[in-house]
Amino acid sequence: MLGFVIQRFLQAIAVMLVISVLVFVGVYGIGNPIDVVISPDATQQIREAAIRAYGFDQPLWIQYRDFLLRLLSGDFGRSFIFNMPVLELIFSRLPATLELTLAAVVGATLLGVPLGMYAGYKPDSAFARIVMTVSVLGFSVPTFWIGLVLIFAFAVQLGWLPAGGRGPTAMLFGVEWSFLTREGLTHLLLPALNLSLFKFAMMVRLARAGTREAILSDVVRFARAAGESETTILRRHVLRLIAIPIVTVFGLEFGSTLAFAVVTETIFSWPGVGKLIIDSISLLDRPVMVAYLMLVAFLFIMINFLVDIAYAALDPRLRAGAKR
Amino acid sequence: MSALLEIRDLATHFASATGTVKAVDGVSFDVNAGEIVGLVGESGSGKTITGFSILGLIDAPGRIVAGSIKLEGRELVGLSQGELRKLRGKRIAMVFQDPSTALNPVLSIGEQMRMALAAHESVSRAAADERARDLLARVGIPEPAKRLDAYPHQLSGGMRQRVAIAIALLNRPSLIVCDEPTTALDVSIQAQILAEMRDLARDFGTALIWISHDLATVSALASRLIVMYAGRIVEDGPIGAILRSPRHPYTRGLLDSLPSMAAPGQELRQIPGSMPSLANLPPGCAFAPRCTHADAACNAAPPERRDGERGWRCHHPLIAVPA
Ligand SMILES: Nc1ncnc2c1ncn2[C@@H]1O[C@H](COP(=O)(O)OP(=O)(O)OP(=O)(O)O)[C@@H](O)[C@H]1O
Ligand SMILES: [Mg+2]
């Protein structure tokens with residue numbers, strides 16, 4: 001186990017280094033941010049002084065080296081636009097996205113897996129057909145459109161839920177969360193629903209396909225031959241058998257939603273990192289882009305690591321040292 | 001006294017695109033308490049489906065379309081799944097051919113045994129583990145206490161099949177359907193498990209239906225033999241008598257293809273041809289197209305003939321029967 005962790009740690013460092021080069025080169029190829037940093041009517045002198053101050057006159061590899069050195073001391077730089085440390089900026093926005101993502105992915109899984117299992121267990125039932133129809137919709141209708149429909153229906157027409165924003169928040173672990181207040185929860189509901197529909201559809205599909213296969217397996221037949229009830233078989237045999245792909249998709253979806261919930265955040269004016277990164281791209285706020293993309297890479301590495309640990313917990317055949 | 005299991009005219013069919021597959025078609029036999037009955041026939045002859053029918057484990061598109069299965073005098077055909085579930089594992093159990101697919105790879109042996117116990121009674125974990133350990137020891141698994149925490153992939157094929165047998169024996173059923181439980185194992189392990197099964201069945205007073213396509217295995221174990229061909233029983237009776245003088249040409253063919261029956265160096269004889277599709281069987285004897293004795297009479301279905309303990313379905317039995 002320790003060997004596994006160390007190996008993964010070294011791998012992670014290598015991956016992060018490669019990513020940092022790619023991100024740095026990629027972002028620096030986008031355009032010259034100096035025009036955003038200083039006002040257009042600044043004199044040539046001011047302009048050159050600024051270029052030198054930011055190090056833009058140096059060759060790319062020197063800029064990269066300086067960036068890495070600053071990184072080692074935990075300094076991701078300051079945002080050109082907000083003029084505050086980048087990390088502070090990102091972390092002030094991250095909780096909003098985190099709670100939105102968690103609500104969406106966890107909700108989609110908790111609902112999608114049982115419904116998908118049911119649809120796989122009784123594929124010909126009317127209820128299974130309804131579930132599958134909803135999942136087809138979740139797959140094929142674009143997120144932004146559903147978001148607009150949700151706002152129109154629940155906020156504009158019915159007036160049950162707010163159309164956007166985070167609502168009041170409460171403090172936990174030194175961070176502000178919406179889900180802790182009643183009204184915050186109502187703000188969270190629609191964007192989370194919007195974001196979860198695609199994931200719900202995916203979980204339904206995954207659970208359904210896995211269940212259909214598992215239900216025909218010898219494992220299930222043998223359990224039936226032992227007189228185990230259908231609920232026991234579904235809950236204790238089938239669920240465990242289909243858990244691996246579900247955990248995989250859970251991890252992937254969690255990571256990618258956390259990183260790129262842009263569309264939903266924009267529609268519901270949810271002040272998360274998705275909106276921040278879009279703004280930073282359009283304003284050429286390089287330090288934010290670089291730090292954000294590296295953070296995303298780091299997130300994925302962490303998620304993959306946790307998913308691998310979950311694999312080992314779920315399937316004894318994948319445990320290190322489990323071979324006799 | 002009536003038999004433990006009485007099957008009469010059992011017919012289990014599968015609806016398919018190419019027609020109705022008559023996997024089991026008019027099968028009747030008895031199994032007495034504590035008896036070991038061998039059920040042989042080549043691949044696809046309906047042995048497994050007969051076993052599944054007894055346990056009520058036929059899934060759509062299959063269905064028991066006719067006949068009766070009585071266990072301890074109680075009719076099983078037409079029972080609800082709930083009622084059948086209470087019998088499965090408790091009164092009738094089953095062991096499958098491939099021990100590497102029947103056990104759940106992600107659950108420990110102990111957990112799977114506890115689940116099989118919990119299906120029929122509520123026992124404390126300690127008591128369940130106690131019973132599980134006892135049974136593992138009985139089926140010849142060394143260090144059973146350790147094995148409870150093991151996972152199937154940590155055991156050899158023979159050990160896995162022993163675990164499956166232990167699970168089948170857990171609630172002391174009166175009948176176990178053993179569907180080729182040793183076919184996937186190597187020969188020395190096969191022989192061990194055969195011997196152990198015979199002893200276990202005797203000690204537990206459990207009757208066995210031992211399914212196999214290998215006459216040699218069955219003859220080491222069973223007292224009575226049932227030979228199936230294309231979903232029907234073609235011959236049955238005491239195993240010694242059948243081995244000495246088979247009445248049905250198909251049984252003769254099976255015997256001739258046994259390595260032990262051939263002289264050294266001599267080529268094994270095979271039955272020419274292959275079994276007809278169960279979706280469109282010929283109207284008469286299903287074996288006739290492959291049978292050297294066949295003539296026009298075989299276009300009509302052969303009636304069942306009985307002589308004491310022996311029975312056969314053939315227009316041209318190999319041995320003249322005293323009238
Ligand atoms: N789900 C199914 N749908 C259609 N036909 C089926 C189905 N299951 C079994 N059958 C048919 O039933 C027939 C009997 O199958 P069965 O498994 O009982 O044979 P078997 O005697 O056990 O053969 P083997 O020695 O290969 O195990 C086969 O010909 C098969 O085609
Ligand atoms: Mg079979």
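In the predicted model, chain A comprises 14 helices and two strands. The C-alpha trace of this chain extends over about 85 × 60 × 35 Å along its principal axes. Of its 324 residues, 43% are classed as buried. Among the contacts in chain A with a separation of 6 or more, 73% are contributed by residues 24 or more positions apart.

The interface between the two chains was examined next. In total, 22 residues of chain A are in contact with 30 residues of chain B. The area buried between chain A and chain B is about 2,500 Å², with carbon and sulfur atoms giving 59% of this value. On the side of chain A, the residues that lose the most area to chain B are A:Arg221, A:Phe222 and A:Ala225, which together provide 26% of what that side buries.

Polar and charged interactions also connect the chains. Three salt bridges are counted between chain A and chain B, and 10 residue pairs are in polar contact, both residues being at pLDDT 80 or more. The elements giving two or more residues to the side of chain A that touches chain B are α9 and α10 of chain A. Of these, α9(A) gives the most, with six residues. By class, this side of chain A has eight nonpolar, four polar and 10 charged residues.

One of the charged residues involved is A:Arg224, whose side chain meets that of B:Asp59 in a salt bridge (3.9 Å, N to O). A:Arg224 also forms a salt bridge with A:Glu230, the closest N and O atoms being 2.9 Å apart. A:Arg224 counts as buried, at 10% relative accessibility, whereas A:Glu230 counts as partly exposed, at 25%. A network of salt bridges links A:Arg221, A:Arg224, A:Glu230 and B:Asp59.

Over all chains, the count comes to 30 salt bridges. Within chain A, A:Glu253 pairs with A:Lys199 in a salt bridge, with the closest N and O atoms 2.9 Å apart. Because A:Glu253 lies in helix α11 (residues 243-259) and A:Lys199 in helix α8 of chain A, the pair ties together parts that are 54 residues apart in sequence. Both partners count as buried: A:Glu253 has a relative accessibility of 11%, and A:Lys199 one of 7%.

Within chain B, a salt bridge is formed by B:Asp307 and B:Arg247, whose closest N and O atoms are 3.5 Å apart. This pair links distant parts of the chain, 60 residues apart: B:Asp307 belongs to strand β11 (residues 305-307), and B:Arg247 to the loop between α10 (239-244) and α11 (249-256) of chain B. B:Asp307 is partly exposed, with a relative accessible area of 31%, while B:Arg247 is buried, with a relative accessible area of 8%.

Definitions and conventions
Residues numbered from 1 in each chain as written. Chains lettered and ligands numbered in written order. Predicted model: local features only at pLDDT ≥ 70, side-chain atom pairs only at ≥ 80, totals over all residues. Heavy atoms only, no water. Contact = heavy atoms within 4.5 Å. Buried area = accessible area lost by both parts, 1.4 Å probe. Salt bridge = Lys/Arg side-chain N within 4 Å of Asp/Glu carboxyl O. Polar contact = N/O pair within 3.5 Å; in protein donor to acceptor, adjacent residues only side chain to side chain. Helix = DSSP H or I, 4+ residues; strand = E, 2+ residues; numbered from the N terminus. Nonpolar A, V, L, I, M, F, W, Y, C, P; charged D, E, K, R; others polar. Buried < 20%, exposed > 50% of the residue type's maximum accessible area, 1.4 Å probe, protein only.
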